[in-house]
Amino acid sequence: MKKSILSLLIFSFILCGCKNTAPLSNKEFCLDTIIQITLYDSSSKNILNNCFDLCKKYERIFSTNNKKSELYKINHSSNKLEAQELSNDLYKVIKQGLYYSDLSKGSFDITIGSISSLWDFKKHTLPEDPLIQQHLHDVSYKNIILENHKIRFLNTETMIDLGAIAKGYIADQIKNYLLKENVKSALINLGGNILCVGKKQENPFIIGVTNPQQTSDSLFSLKINDLSVVTSGTYQRFFKIDSKRYHHILNPKTGYSYENGLSSVTIISKKSIQGDALSTVCFSLGKEKGLELLNSLEDVSGCFIDENNQVSYSKSFKHYSNKD
């Protein structure tokens, strides 16, 4: 899954003398990253384990690499030109992916799959340019017809990659489950996609935004209550060849990494699926158009960090700053 490791630093401040339930936390490798879930007002190991089971369930739906996943089977079906049934979860996420693809006019495109599959950021492998050029013709969200919970492709080589949106959806589903179980204070960290459930034992969660130039540190921190914080950055997955840096945020028009002077985009939103998608959408659009988009949306804030570590904010972002 795309957008795997996101180095948001989380700082915890617990007031002395508070008589709160001791946090219950666990980590596992899932969704191609390390996920951590912490419950602050529940001691139920069963609830915590069920959260990780949900991650595994959704991985079997959204994974582009697992041959048993629903998305993999859709991408590699021999009947792609014919309508295929979708599960409710996959239908919802593809529908949202198409919405954000259209919103960005293709700067962000969930049909990047035939290109993203050529890149191996674990082995630091640069794809052959002729292959990239060949598959660019297969990338277009307009090749997807979605209706009545069915999908149909107009190009048999078009492949969907939901790595820029699926983890947000999964985080939202875990939060919904926790609320049903009467858990009102929790932190969901899906490889850096952060979703805060309520407050942290009556205090705000303090979320650090990574310094792209020094990823072990944060540039600043945010006070967050019951919101999602998601960052897309060039430092998350990258490699260098002949001093040239290649990162995982790919331009659907070129097949190569975006080169727009940005290092990261951080989005604060109510729904994590929105923040997950918009972090990549706004990075893809670049600082000026990205800020213009964020300032036109309600209940969404964001900041852009460029290659010189200069920070630009949307109108309401500073409201969450922890500098005061």
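Modeller: What follows concerns the packing of this predicted model.

Colleague: Which residues have the most contacts inside the largest nonpolar core?

Modeller: They are Phe-62, Ile-94, Leu-162, Ile-174 and Leu-178, in a core of 64 residues. The largest share of this core comes from helix 1, residues 45–62, with nine residues.

Colleague: What is Leu-178 in contact with, leaving aside its neighbours within four places in sequence?

Modeller: With those neighbours left aside, Leu-178 is in contact with Leu-39, Ile-47, Cys-51, Val-183, Ala-186, Ile-188 and Val-197. There is also a second, separate core of 17 residues, and Ile-207, Leu-227, Val-229 and Ile-305 are among them.

Colleague: Turning to helix 8, which of its residues are buried?

Modeller: In helix 8, residues 287–296, the buried residues are Gly-290, Leu-291, Leu-293 and Leu-294. Viewed down the helix axis, they fall within an arc of 160 degrees, so they line one face of helix 8.

Colleague: And what does the face turned away from the buried side carry?

Modeller: That face of helix 8 carries the exposed residues Glu-288, Lys-289, Glu-292 and Ser-296.

Colleague: What do the buried residues of helix 8 pack against?

Modeller: Their partners are helix 3 (88–103), helix 7 (272–285), strand 14 (262–269), strand 15 (300–306) and strand 16 (311–313).

Colleague: Take helix 7, then. How do the axes of helix 7 and helix 8 cross?

Modeller: Two packed helices are described by the distance between their axes and the angle between them. Here the axes of helix 7 and helix 8 come within 6 Å and cross at roughly 135 degrees. That angle makes helix 7 oblique to helix 8.

Colleague: Which residues meet there?

Modeller: From helix 7, Leu-278, Val-281, Cys-282 and Leu-285 meet Lys-287, Lys-289, Gly-290, Leu-293 and Leu-294 of helix 8. The residues of this contact divide into six nonpolar, one polar and two charged.

Colleague: A change of topic: is Tyr-72 buried or exposed?

Modeller: Tyr-72 lies in helix 2, residues 70–75. Its relative accessible area is 17%, and because buried means under 20%, Tyr-72 counts as buried.

Colleague: What is Tyr-72 in contact with, apart from neighbours within four places in sequence?

Modeller: Apart from those neighbours, Tyr-72 is in contact with Ser-63, Thr-64, Asn-65, Asn-66 and Lys-67.

Colleague: And how many residues apart in sequence are Tyr-72 and Leu-219?

Modeller: Tyr-72 and Leu-219 are 147 residues apart in sequence, and 38 Å apart in space, C-alpha to C-alpha.

Definitions and conventions:
Residues numbered from 1 in each chain as written. Predicted model: local features only at pLDDT ≥ 70, side-chain atom pairs only at ≥ 80, totals over all residues. Heavy atoms only, no water. Core = buried A, V, L, I, M, F, W, Y, C linked by side-chain atoms within 4.5 Å. Buried < 20%, exposed > 50% of the residue type's maximum accessible area, 1.4 Å probe, protein only. Helix = DSSP H or I, 4+ residues; strand = E, 2+ residues; numbered from the N terminus. Contact = heavy atoms within 4.5 Å. Arc of directions from axis to C-beta. Axes fitted to C-alpha atoms, helices over the stretch in contact; angles between N-to-C directions. Parallel < 35°, antiparallel > 145°, perpendicular 65-115°, else oblique. Nonpolar A, V, L, I, M, F, W, Y, C, P; charged D, E, K, R; others polar.
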